[in-house]
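I opened this entry to record what I looked up in the structure, starting with the overall fold and ending with the ligand site.

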Amino acid sequence: MSDHWIAERTRCFDASGIRRVFELGAKLTDRIDLSIGQPHFDVPEKVRKAAIEAIESRKNGYALSQGMPVLRDKLQRRIDEQYSHDDREVFVTSGTSGGLVLAMLVLVNPGDEVIVFDPCFVMYDALAGVVGGKVVSVDTYPDFHIDLDRVAAAITGRTKAIVFNSPNNPTGAVASREEVRGLAELAARHDIVLISDEIYRDFCHDGPFVSPAAFNPNTLVVDGFSKSYGMPGWRLGFAHGPAAIIQEMIKLQQYSFVCAPHPMQWAGAVAMDVDMSAQFEEYRKKRDMLVDGLAEHYELPRPGGAFYAFPRVPWGTGTQFVEKAITEHQLLIIPGNIFSSRDTHFRISYAAEDSVIQRGIEVLNQLATEGP
Ligand code: PMP
């Protein structure tokens, strides 16, 4: 095979950092795993049964590209109740990731600038690059909140989109109502598409979730079932926004993903009526346990949501600190430079049993005091 067979666009992503963490982790026999980006709770029984029932009743053929009415209509009703936007349409995607891929393909022309916040979920830069966009990063250190002046300063005549994510992966930060409103209005004023990744919407520990769609009817929302119902392997998501964008995304879905998994759509419709508040409440307690446990030795603003915390390392770089945590203490965490241009922080996921979080806290405090 010749090297030139591989397209240039594959250079837009580098998965070597995260691969190294998993390689190191794979060798551990008694690991303390605080690296996982998925809930530790399982899909509710009623929803599992609905999936089995869908398979057994032979709902195994292709689904409609836009999603089966059983789920799509239910989502549409819920979104209409929430926003009452005349032009807001929803369709079913292969996970939130599927929605993000289609959004980038539909919106970003080669050379268009896409604003992302630093740190952010790894997929945004990679996908913007794959479609030929130029990534423009807006720094959110040290408290991971959105500085609207910095965003305004990053906007140029070529800015096409802003990708926003609250509650945030990897920081756990939840943008305030004022930040969300400010960002939504800024995007509208500059005629820029605001893409809002709302996958952690249900994990808001200190107040109600606020979407920029409430202030800017042209916001494109990507969302999904993976985190809220503990079903990341089921690949079920949805996207909603201006009908013209959604129609183009559906067209592309027909030529790429084809449809979201058919039986899971029936189960997703059942999931929408299941109360998961006990699980979300449990995660709020885990957040407090972690933040309180690290308060003495770590610089860590209390994250308002998702199931991540993003403390500053007490010594060395993020990479050095994480390497020692893994190799000497069997503690699996993720270095911040996976999500950021800086190598100064690390991500902890508290989607784990309390006993595991407790062991993690002990190791982290020991690491801080013993130094490199
Ligand atoms: N957005 C963010 C911010 C995420 O953290 C993730 C999953 N880690 C995704 C999107 C993708 O989720 P899904 O399983 O729905 O594709």
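I began with secondary structure: the protein chain has 12 helices and 12 strands. I note here that the model is predicted.

**Overall dimensions.** I checked the radius of gyration next. The protein chain has 21 Å, and a compact globule with 372 residues would have a value near 21 Å, so the two agree. I also took the extents of the C-alpha trace, which spans about 60 × 55 × 50 Å along its principal axes.

**Backbone.** I then went through the peptide bonds and the phi angles. I found a cis peptide bond from Tyr141 to Pro142, with omega near 0°. I placed Pro142 in the loop that runs between strand S4 (134-139) and helix H6 (148-154). I noted another cis bond from Ser166 to Pro167, where omega is near -10°. Pro167 belongs to the loop between strand S5 (159-165) and helix H7 (177-189).

I looked up Ser84 for its phi, which is positive at about 50° although the residue is not a glycine. I located Ser84 in the loop between helix H3 (69-83) and strand S2 (88-93).

**Ligand site.** I turned to the ligand and asked which pocket holds it. The ligand sits in the largest pocket. I counted 13 residues around the ligand, the closest being Thr96, Ser97, Asp197, Tyr200 and Arg235. By class, I sorted the residues of this shell into four nonpolar, six polar and three charged.

I listed distances from ligand atoms to polar side-chain atoms. For Tyr200, an N or O atom of the side chain is 2.7 Å from an oxygen atom of the ligand. For Ser226, I have 2.7 Å between a side-chain N or O atom and an oxygen atom of the ligand. For Lys227, I looked at a nitrogen atom of the ligand, and a polar side-chain atom of the residue lies 2.9 Å from that nitrogen. I then computed how much of the ligand is covered: taken alone the ligand exposes 400 Å², and the protein buries 91% of that.

Methods: Residues are numbered from 1 along each chain as its sequence is written. This is a predicted model: local features need pLDDT of at least 70, side-chain atom pairs count only at pLDDT 80 or more; totals for chains, interfaces and linings use all residues. Side-chain values use heavy atoms; hydrogens and water are left out. A residue is near a molecule or strand if one of its heavy atoms lies within 4 Å of it. A polar contact is a pair of N or O atoms within 3.5 Å; within protein, one must be able to donate a hydrogen and the other to accept it, and residues adjacent in sequence count only if both atoms are side-chain atoms. Accessible areas come from the Shrake-Rupley method with a 1.4 Å probe; for residues, only the protein chains shown count as cover. On a 1 Å grid over the protein atoms alone, a cavity is a set of points where a 1.4 Å probe fits but cannot get out, and a pocket is an open set with protein on both sides within 12 Å along at least five of seven lines; lining residues have an atom within 4 Å of a point. A molecule sits in a cavity or pocket if more than half of its atoms lie within 2 Å of its grid points. Ala, Val, Leu, Ile, Met, Phe, Trp, Tyr, Cys and Pro count as nonpolar, Asp, Glu, Lys and Arg as charged, and the others, Gly among them, as polar. Helices (H or I, at least four residues) and strands (E, at least two) are DSSP runs, numbered from the N terminus. The radius of gyration is taken over C-alpha atoms; the globule rule is 2.2 Å times the number of residues to the power 0.38.
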